[in-house]
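Let's take a look at how charged side chains pair up in a protein model. Have the sequence and the 3D view open as you read.

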Amino acid sequence: MADESAWSELAELYLSLLMLKQASYCYEELILATPQNHHLYERYAEIMYSLGGDNIRVARKYFALSIELNPESVRSLWGLYLCISLSKPESKGKSQSKDQKLIEWVSKKINNIYQSQNPTMLPIVGATLKSFKPKNE
């Protein structure tokens, strides 16, 4: 337990200093120690997203893993949506079709959550989803 606290504290320290690669390593260690904690996957994915470039694919994977552990995680759903909107499919056709289906599922899931928890936000959510249209459409 103390080991996890140390990794968590070190990760936050690195993040406060904007040392993202070092913070990502700390989160990798935390995920190994407690693989059932969806917050760790979420945080790691956010760091990878912030690093950009090829790390967007890694972020996408970890947002998806977080959603697998907690399907109601709006933060992970938005993160996955943003990753898909930035990613370029390796090949046209099949990959693009999968991305399109995933975007539709994530959009529907986000809308359903806001519909049940905060319906007054739906117009803003809809506009935001439209403004982040995936590049591959």
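A salt bridge here is a side-chain nitrogen of Lys or Arg within 4 Å of a carboxyl oxygen of Asp or Glu. Side chains of opposite charge can pair when their charged atoms come close. The model is predicted, so local features need pLDDT of at least 70 and side-chain atom pairs count only at pLDDT 80 or more, while totals for chains, interfaces and linings use all residues. Residues are numbered from 1 along each chain as its sequence is written, and side-chain values use heavy atoms, leaving out hydrogens and water.

How many salt bridges does the structure hold? There are five, including these:

| Pair | Closest N to O |
|---|---|
| R43 and E46 | 3.9 Å |
| R60 and D99 | 2.6 Å |

Start with K109 and E72. K109 sits in helix α6 and E72 in the loop between α4 and α5 (74–86), so their bridge ties together parts that are 37 residues apart in sequence. (Helices are DSSP runs of H or I with at least four residues, strands are runs of E with at least two, and both are numbered from the N terminus.) K109 is buried at 19% relative accessible area, whereas E72 is partly exposed at 42%. Buried means under 20%, exposed over 50% and partly exposed in between, using a 1.4 Å probe and protein chains only.

Now for R43 and E46: both belong to helix α3 (residues 38–51), three residues apart, or about one turn of the helix. R43 is partly exposed, with 27% relative accessibility.
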